[in-house]
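Here are my notes on the fold, as numbered points. Please read them with the coordinates open.

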Amino acid sequence: MKIGIGSDHAGFQYKEQIILLLRELGHEVRDFGTHSPEPVDYPIYIRPVAEAVAKGEVERGIVLGGSGNGEAMMANRIRGVRCALCWNLETARLGREHNDSNVLSLGQRMIPLDLALDIVRIWLTTPFAGGRHLERIRELDQL
């Protein structure tokens, strides 16, 4: 799978570790930055990830920051993006299964690294359930 990833300074360390995991799992990674822990404004790095997902340039996106909130808000402003802010395995599973999430948001200051990596694994491997959830996705896309 081709995956775009981006973070601000507060998510930089986890971004680097997630890139290693994604490559280890055989995914192609497009890194949108940032490329250091120096302070930056998150929209500069998150919007391009979300736009790449919306345009079909990557199949999925992962965005990171301190809490993941602003990053999810930014990503969800792009039409066609369904970004799930996840903090445990269940939110990751449901974000895919019920919401067909195509972007994952994580907060580096909110969860330990091992949990973040497990969330990524679950999010990547959980299929969308379709069925009753499909109509809700269609309603989201109409807004």
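1. Start with the sheet. This is a predicted model, and its five strands form an open sheet in the order β2-β1-β3-β5-β4. The pairing is parallel.

2. Look at the edges next. β2 (28-31) and β4 (83-85) hold these positions. Each has a single partner strand, so one side of each lacks a neighbour in the sheet. From one strand to the next, the twist averages 20°.

3. The β1 and β2 pairing can be checked by residue. Four bridges join these two parallel strands.

4. Now take helix α5, residues 113-125. Its 13 residues reach 19 Å from the first C-alpha to the last. That is close to the 18 Å expected at 1.5 Å a residue.

5. Which residues of α5 are buried? They are A116, L117, I119, V120, W123 and L124. Viewed down the axis of α5, these buried residues fall within an arc of 155°, so they line one face of the helix. The face turned away from the buried side carries D114 and T125, which are exposed.

6. What covers the buried residues of α5? The cover includes three strands by name: β1 (2-7), β3 (60-65) and β5 (103-107). It also includes the helices α1 (12-24) and α4 (89-97).

Definitions and conventions: Residues numbered from 1 in each chain as written. Predicted model: local features only at pLDDT ≥ 70, side-chain atom pairs only at ≥ 80, totals over all residues. Heavy atoms only, no water. Expected span 1.5 Å × (residues − 1). Buried < 20%, exposed > 50% of the residue type's maximum accessible area, 1.4 Å probe, protein only. Arc of directions from axis to C-beta. Contact = heavy atoms within 4.5 Å. Pairing = 2+ DSSP bridges. Axes fitted to C-alpha atoms, helices over the stretch in contact; angles between N-to-C directions.
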